[in-house]
Amino acid sequence: MPIGPGSTIGVIGGGQLARMMAIEARRAGYRIAILDPDPTGPAGQLADLRIEGAWDDVGPAQELARASDVVTIDTEHVPADLLEAVSAHAPVRPSAAVLRAVQDRRAQRRFLAENRLPQVRHALLSRPADLPAAVERVGFPALLKTSRGGYDGRGQVRVAAAEDLPKAWKEIGEAPAVLETFVPFAKEISVLLARTEAGEIRFHPIAENVHRHQILRTTSVPAEIPSELVARAEEIGRRIATALGHVGMMAVELFVTNDGELLVNEIAPRVHNSGHFTFGACATSQFEQHLRAICGLPLGETLLLRPAVMLNLLGDLWRPGPPDWTAVLRHPSAHLHLYGKKRPFPGRKMGHVLVLADTVEEARRTAETIAIDLEGLDESRREGPPGSGT
Ligand code: AMP
């Protein structure tokens, strides 16, 4: 039986992803319940029911589930055991098993290897004694990434030579980790897909992503890649979602190498920052699609309505007050999304701008103008246009 309008969707986590789910849920007549340590955060502000509690606290999570017809997540760092406990009270999508397979980087790498999916050369580390063999396998330059809890470049250290390793190991907290080859990729893309319980899969357009300091800076669509690569990337996404038995939206981040090879960087079993463009540029947003999938409804059309560029707005733009929004609002083709976060800090995702245009070049030009105006810097002091370098 599909879970229809009037039902309550419970979300563990109350950040911007849950906020945009809440907007779409309310539009379609659903109620939304949010569990978050700060119930007045981005999603709590729009919720019908707010439950205060940490994501790893079983009591509040069970309270959420008892009040909900279906429970989902806005971060994959919710402990799998907690999801398991919650599933006694309401269906949980994605399942605890999906989170178990992906929330630990080492488990994710093992899952990819077992399923013969192409990925970055890497070695799994549990203790310092594992380092020499890892170096032997991976070489330099490399990236040392913690197994758990890292995001937006946190918990990642670049390692150029063997003598940097002990310091890098300390920096990531001397915890289990993955050492990866630093890939000199040609492009970064993401596959955005939704899968239903019955196994139906729909893809949104492939997104082309540019990171700066390991944080997503821009997403452009359509991605400027050959259709043969689109087909290969989608096939990788399909195999991952099917092998996991995933239900809901999923993003698979991939590197495109100079030889046109695809390597999986990361799997996110949820709506994703690189899919924000769908909210305004596609017939069905990733947030609506996620709700359709977890509620057992047919998936929506994913058609791209217009070429688009999404520009992330980080806390660095607040100095300390917000930038002058006329830089965005004066463009009829630009749409401002702000997440209602009270405390800006450098690197924190505070909002984004979506620019729609006739061509992706035109959208990119407008996004660049907006970025320059928001940063309030003259061109000589800038690091490069949005979208250049990581
Ligand atoms: P992650 O948190 O693992 O998705 O990493 C964030 C960003 O850092 C990626 O989107 C890339 O731009 C960069 N990055 C991560 N891993 C690698 C790698 N092995 N080689 C090159 N760049 C990487």
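# Strands and salt bridges

Visitor: Which residue in β7 is the bridge partner of K145?

Guide: Happy to start there: this is a predicted model, in which local features need pLDDT of at least 70, side-chain atom pairs count only at pLDDT 80 or more, and totals for chains, interfaces and linings use all residues. Residues are numbered from 1 along each chain as its sequence is written, and side-chain values use heavy atoms, leaving out hydrogens and water. Helices (DSSP runs of H or I, at least four residues) and strands (E, at least two) are numbered from the N terminus. Four bridges join β6 (residues 142-146) to the antiparallel β7, and in β7 the partner of K145 is Q156.

Visitor: In what order do the four strands form the open sheet?

Guide: Two strands pair if DSSP finds at least two bridges between them. The edge strands, β5 (122-125) and β7 (156-159), each pair on one side only. With antiparallel pairing, the order is β5-β8-β6-β7.

Visitor: How many residues apart in sequence are the parts that E375 and R217 tie together?

Guide: These two form a salt bridge, their closest N and O atoms 3.1 Å apart; the rule asks for a side-chain nitrogen of Lys or Arg within 4 Å of a carboxyl oxygen of Asp or Glu. E375 lies in helix α12 (residues 360-375) and R217 in strand β12 (residues 215-221), so the separation is 158 residues.

Visitor: Is R217 buried or exposed?

Guide: Buried means under 20% relative accessible area, exposed over 50%, and partly exposed in between (1.4 Å probe, protein chains only). R217 has 13% relative accessibility, so the class is buried.
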